[in-house]
Amino acid sequence: MKLRRVLRTVSSILNDPSLNKYARIIPFTFHRKIGKIPLHLLLTYLIFRHGRTLSEDICTIYPALNNLNPPSKQAVLKRLSILNYDVWYQIHRLFLERIYIPEKKKTYHGYLLIAVDGTFASLPHNEALDHIFGKRECYKKGAAAECNSPPQAKISVAYDVLNHVILDFRITSVNTSEIPLLFEHLKALEPLLKKYKVILLADRYYGSAELFKYCEMKGYKYLVRAKKNFFKKQRKQIPEDKMDDNFVVVIDKLWQKRIIHEQIRRYISIYPVMHVRLVKGKYEYDSEEITLNREKRITHCSVEAEYFTNLSTAEFDKEEIIRLYHYNRWDIETNYGTMKGIINIEQLNSANPISVMNEMMADIIYANIENIVRNESDNQIPEEEQAIHLVNNKHVIEMCRSSWFVRAVYTGKMSVEKLQDLVKECARVKIMIREGRHYRRWRKFRNTLTQNRHRIDGRNDPPLAKIKTGFVTTNH
């Protein structure tokens, strides 16, 4: 069975001897394979932890992994604080090398669809976390204002939206710009992506001449939502009623000096002319919200948008470009929603910066593992139903946290029958695909503060901003 082979590979990765040197901050730690918390046991624990408290995780996961008495909270926290989080990058590299690369992949017209985006994760109030990760600034009436917001980390991932795999990830300071993180992803993935035809999907904050020329240099295709003030002079040459046209940009010597990466700068000096396709379109969707009277209200919304791309008109028409961006790229947003709302990447057991990095990176690895089961379960849905139903990923995540599954991954011993039952159960619980429906999340008015944990579309309640008549939800 394919799933059994893949999960046994995951088990072999977590038990790989090469991880020891990456896991050490202090020399000679994590060198024993026995004891209460050897490296293999600690890594498995971190990946599959999901309780509300540290004690809950210790009491549920450790007994499933070995027959010893559970370790103390102090022992687990100590191990967490001396685990070098570089070990997760090595685990991820082995995951791509041994699982992602050999497997047959879903493509779109022969292209891998790679979406890049970032999000923010709230961290516990702590001076060390304030210093290392920083806070997002609060503004009131145009002037900077003091606020008691928690520190936040910026998470950026490169995500294969058709195969549901995180190909690269970065966790860094909240003030780190998105474009440098994008180039870190691309640099890390160069050996992998050179084997495939690639379409890079990104939102309006990633558009730059440097990125477009990099894609040209590497043979990638790109589709980026256009900012209104970008290539303003060249776009004015296109008639207002022209919905799909090309324009030419010449990157002069002064512009070339602002290019950060030396390799791209040299390429531009040889090929300064850039051809960009501009697609204008309208994206329509239904916004669904619950009013204060508990009534469901659906509002039809229409958004006019523009897109930069180097995809040819012969291969992709205007409507397909719009669908590629708004439908396929949206899966990276869904992935972030899953990590925050169901996997609970913001659920942390320590304010130690090293422990925080370890717990968050382990959740990213878990997202890739459960997506293996999700993909296998999706394949069990009859082909005629796949257009209207998909597997309930929340149910898959819960099933992959069961004691027998955690122990099977830890030991590498898993029966074909139990895995078949797992896939059958995951495929049984389906949700209906309802395209064009969005829940309104930001700028929702509230006249009172909620006293309990509230969720919007399965996600944690966003932060609130105080106004004269009450409170509104905000994204910072």
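Figure 1. Pro124 counts as partly exposed because its relative accessibility is 28%, a class lying between buried (under 20% relative accessible area) and exposed (over 50%), as judged with a 1.4 Å probe and protein chains only. The residue belongs to the loop that links strand S1 (111-122) to helix H7 (127-133); helices (H or I, at least four residues) and strands (E, at least two) are DSSP runs numbered from the N terminus. Leaving aside residues up to four places away in sequence, Pro124 touches Leu129, Pro151, Leu348, Ser350 and Ala351, where a contact means heavy atoms within 4.5 Å. Between Pro124 and Leu348 the C-alpha to C-alpha distance is 7.9 Å, although 224 residues separate the two in sequence.

The model is predicted, so local features need pLDDT of at least 70 and side-chain atom pairs count only at pLDDT 80 or more, while totals for chains, interfaces and linings use all residues. Residues are numbered from 1 along each chain as its sequence is written, and side-chain values use heavy atoms, with hydrogens and water left out.

**Figure 2. Ser173 and its link to Phe133.** Ser173 is part of strand S5 (residues 165-173). Its side chain reaches the backbone oxygen of Phe133 at 3.2 Å. Residues up to four places away in sequence aside, Ser173 touches Ile132, Phe133 and Lys154.

**Figure 3. A nonpolar surface patch.** Val248, Val250 and Val273 make a nonpolar surface patch of about 230 Å². Accessible areas come from the Shrake-Rupley method with a 1.4 Å probe, and for residues only the protein chains shown count as cover.

Figure 4. The protein chain has an average pLDDT of 87, and 89% of its residues score at least 70; pLDDT is the predictor's confidence in each residue, from 0 to 100. Over residues 141-145 the pLDDT stays under 50, and the model has 5 contacts beyond four places in sequence for this stretch. Residues 452-458 also have a pLDDT below 50, with 16 contacts in the model beyond near neighbours in sequence.

Notes. Patches are made of residues with over 30% relative accessible area and no salt bridge: like charges are joined within 9 Å, nonpolar side chains (Val, Leu, Ile, Met, Phe, Trp, Tyr) within 5 Å. A salt bridge is a side-chain nitrogen of Lys or Arg within 4 Å of a carboxyl oxygen of Asp or Glu. A polar contact is a pair of N or O atoms within 3.5 Å; within protein, one must be able to donate a hydrogen and the other to accept it, and residues adjacent in sequence count only if both atoms are side-chain atoms.
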